[in-house]
Amino acid sequence: MKNFHRLEEHVLGIKLFQNTFLFLCGSMLSISAYSQQDSLAIIKVLEKEGLTWRMGDKKAHGELWKEQPYSRILVSTADGKTIDVPTETIINPPSSMIGKGGFAFHSNHKMRIDNNIAWVAHDEVSVGTDGKETLSHEVRFLEKFDGNWKLVGQSNHFYNHPPENKIDTTSYIQTVDVETGRIETVLTIDDHFEAPNWHPDNYLIVNSKGKLYTLDLETKDLELLNTDFADQSNNDHGISPDNQWLAISHNDVNDPSPKAYKSAIYVLPIEGGKPRRVTSEIMSFWHGWSPDGKRLAYCAERNGNFDVYTISVDGGKEKRLTTAEGLDDGPDYSPDGKYIYYNSYKSGHMQIWRMRPNGKKQEQLTFDENSNWFPHPSPDGKWIVYIAYTSDQKQNHLFGKQVKLRLMNVETKEIKDITPVFFGGQGTINVPSWSPDSKKLAFVSYSVN
């Protein structure tokens, strides 16, 4: 869905428009045989068209369209009006019209492909940066030029959310390819899920309402992970370097401390089992494994201040690495073990830092207006991904804010956006979520209704 600001609205013949729309949809139901390769290519074009619009990439967006003498774009609004949008407005939009962020989620694709012409019908849920959904039925018209599918027209029919289908939170578990920029949706679920870890056996580990789940990336099956008594785990969990263990942060209500929240760090077998407690003191929130699997890095509150600590995976005495006033959080080891990356408020603004594993040579890496959190080095050591709140959140990392994922080149320190601005924050990417080959990241965006 696009926001067509400052376009001339024409109250056209609604009945004629709807009859035409229904005729086209009916035609597509009698789908002839078509190339699987073409159908996948078309879906990628539609995904990229929505993403480039939201990212504000005018050039890439325009390259997905080709205006023809018969091109037309019709939009039917939920209140019964239609807008006849000039094709040029979509192919070469004003800068103020695009780059507004959010995501579009497509479903129920129906296609008819005849040689170099294709009709595609699908449903779309467009989620704005405020987390609100806009619903539409869409028909897209494409042609193949020099072997590449391009859009030549479309018809969008928007409708109101059925009251009986309204829910509190929808979680969109997604992946982004850091090379191509393609964003894919793994699972859409009407509940609050957080913080994906990516296991080499092609599944994710996520948390929801105190419990851990595995999500098979091929079958999309979501299954409860056995964590025995630990049924109040938060979104600070992660997989050991040998892929055999899972660290979790569990609220131990039986701890004698008078603190209101009693998070302690535990480890358990990756396939599930009874957790073993590692940290004796609370509050402790896991964030990273050392490359040799012998130490854990975490954020802990001691005497009212949150700092970065490490501890042996077998427990024992913890080592404090940061001492500045203000929050130090999100520590994650580089794959070569030379650095711990973390976020810190020590400069008076939340930014990304790194230090040696003994706490020495603390170095600030980002210097912008965003509030930057949770840096995660890629397994090949080439990249750092982190979440950027687009407004100053002080020392908070709340849910329901405007955020984006950014990628830093470790060697050059160059930074680029790899997602549009979207509705997320707490739960989006708290923990390491790289694919084992360093090509993709898993994250979660949300909508609320």
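Modeller: Helices are DSSP runs of H or I with at least four residues and strands are runs of E with at least two, both numbered from the N terminus. This is a predicted model, in which local features need pLDDT of at least 70, side-chain atom pairs count only at pLDDT 80 or more, and totals for chains, interfaces and linings use all residues. Residues are numbered from 1 along each chain as its sequence is written, and side-chain values use heavy atoms, with hydrogens and water left out.

Colleague: Is Ser71 buried or exposed?

Modeller: Buried means under 20% relative accessible area, exposed over 50%, and partly exposed in between, with a 1.4 Å probe and protein chains only. Ser71 has a relative accessible area of 14%, so Ser71 is buried.

Colleague: The side chain of Ser71 reaches the backbone nitrogen of which residue?

Modeller: The backbone oxygen of Val152 is 2.8 Å from a polar side-chain atom of Ser71. The backbone nitrogen in question is reached at 2.7 Å, and its residue is Gln68.

Colleague: Which strands of the open sheet stand at the edges?

Modeller: The sheet has three strands in the order β8-β7-β30, with antiparallel pairing. Each edge strand has a single partner, so one side of it is left without a neighbour in the sheet; these strands are β8 (183-189) and β30 (440-448).

Colleague: How many bridges join β7 to β8?

Modeller: Two strands pair if DSSP finds at least two bridges between them. Strand β7 (residues 169-177) runs antiparallel to β8, and Val176 stands opposite Ile183 in β8. The number of bridges joining β7 to β8 is six.

Notes
A polar contact is a pair of N or O atoms within 3.5 Å; within protein, one must be able to donate a hydrogen and the other to accept it, and residues adjacent in sequence count only if both atoms are side-chain atoms.
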